[in-house]
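Trainee: I would like to go through the terms used for this model and see what stands behind each one. Where do we start?

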Amino acid sequence: MPNVLSSRFSWDYLSTLVLRRGVDREHELIRPFSFVTVSLRTLTISLVLVDLLFIAMNLVASAAAREHLILQVPDFLRVTRDNSLPEDFNYIKWGVISVALIWMSIRDRWLAPFLWAVIFALLLFDDSLQLHERLGHELAVRADLPSYQMLAGDDVGELLVFALLGGIVLALTTFLLTRKGADIRLLSLRYLVVILALGFFGVGLDAMHQVVAHFVEGTFVDTVLPQILGVAEDGGEMIVGSIAMAVTLAADPVQHTAPDTANG
């Protein structure tokens, strides 16, 4: 007859039971992909340097165009142009973050990364398909939104669409921040800072860009100042995206306690 009171038998039995039920089990939430071995600092600096290189090439080409050394800034170098090389680099960031978070959610049986993956996938679709521009224009036309002194009807429509998308993000973030567990809150706070930073550049600085463009129209800085703000807006989004990608792939582990299904 087996020795049911032996420490080995009891440990094996309890370990199996705990693992199957997912109760009181703690493990380090390791990086999504084991082949990413560089430090957070190294990865962040590397990605941001690529962003700064794109921004510098755009600025140099703009200066050359103003001096009539070239006809215009090549479209594939424009930081402010959709489907350019800088923008394609940003699409890659949102895609990598989404895939990494989905894989993390599947591997660790954790709902929080999946919900954040939905948010970053939404960012990817918005950036690559110009959702807020198209929907903002459609809303402005259908609702006959008025133009204000410094904002056109399309701009108002875009801000309303941004508010709707922001509401979705806010609802998901609120849900996650009210779940039990410091791990969920830590993960969510990390990405909430990213979303707020993107909002500053994508909404706040964009609105400032429109206002400044209106005030300087016809002056000697008519083309220079709005262009600088445009590069700052999109360049800022690029740098925030690089930081978000680095945090996702190489941040310090989050201590994660396997939750029950209800808490996610």
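Mentor: With one residue and its neighbours. L47 touches F89, S242, M245 and A246, leaving aside residues up to four places away in sequence. The model is a predicted one, in which local features need pLDDT of at least 70, side-chain atom pairs count only at pLDDT 80 or more, and totals for chains, interfaces and linings use all residues. Residues are numbered from 1 along each chain as its sequence is written, and side-chain values use heavy atoms, with hydrogens and water left out.

Trainee: What makes a pair of residues a contact?

Mentor: Heavy atoms within 4.5 Å.

Trainee: In which helix is L47, and why is L47 called buried?

Mentor: L47 is in helix α2. A residue is buried under 20% relative accessible area, exposed over 50%, and partly exposed in between, with a 1.4 Å probe and protein chains only. L47 has 10%, so it counts as buried.

Trainee: How far is L47 from M238 in sequence and in space?

Mentor: L47 and M238 are 191 residues apart in sequence, and 9.4 Å apart C-alpha to C-alpha.

Trainee: Why does S242 count as buried?

Mentor: Its relative accessibility is 0%, so S242 falls in the buried class. S242 sits in helix α8 (residues 224–250). Not counting residues up to four places away in sequence, S242 touches L47, V48, D51, F89 and K93.

Trainee: Why is α2 called roughly antiparallel to α3?

Mentor: The axes of α2 and α3 come within 10 Å and cross at roughly 155°. Axes are lines fitted to C-alpha atoms, for helices over the stretch in contact, and angles run from 0 to 180 degrees between N-to-C directions. Angles under 35 degrees count as roughly parallel, over 145 as roughly antiparallel, 65 to 115 as roughly perpendicular, and the rest as oblique. The angle therefore makes α2 roughly antiparallel to α3. L47, V50, D51 and F54 of α2 make the contact with L85, P86, F89 and K93 of α3.

Trainee: Which hand does the crossing of α2 and α3 have?

Mentor: The crossing of α2 and α3 is left-handed. In a left-handed crossing the near helix is turned anticlockwise from the far one by less than a right angle; clockwise is right-handed.

Trainee: How do you know that α3 and α4 are roughly antiparallel?

Mentor: Their axes come within 8 Å and cross at roughly 160°, with α4 covering residues 111–129. α3 and α4 are therefore roughly antiparallel to each other. Their crossing is left-handed. The residues that meet include Y91, W94 and L101 in α3, and F114, W116 and F120 in α4.

Trainee: Why is L129 called partly exposed?

Mentor: Its relative accessible area is 40%, so L129 belongs to the class in between. L129 lies in helix α4. From D82, L129 is 47 residues away in sequence and 8.9 Å away in space, C-alpha to C-alpha.

Trainee: Why is H68 called exposed?

Mentor: H68 has a relative accessible area of 71%, so it is exposed. H68 lies in the loop between α2 (40–66) and α3.

Trainee: Is phi of H68 positive or negative?

Mentor: Positive, at about 60°, although H68 is not a glycine. Most residues other than glycine have a negative phi. N83 also has a positive phi, near 65°, and is placed in the loop between α2 and α3.

Trainee: Where is confidence lowest, and where is it highest?

Mentor: pLDDT is the predictor's confidence in each residue, from 0 to 100. The chain averages 77, and 71% of the residues score at least 70. Confidence is lowest in helix α1 (residues 7–21), at a mean of 36, and highest in helix α3 (residues 85–108), at 94. Over residues 1–29 the pLDDT is below 50, and this stretch has 31 contacts in the model beyond near neighbours in sequence. Where pLDDT is low, the predicted coordinates should not be read in detail.

Key: Helices (H or I, at least four residues) and strands (E, at least two) are DSSP runs, numbered from the N terminus.
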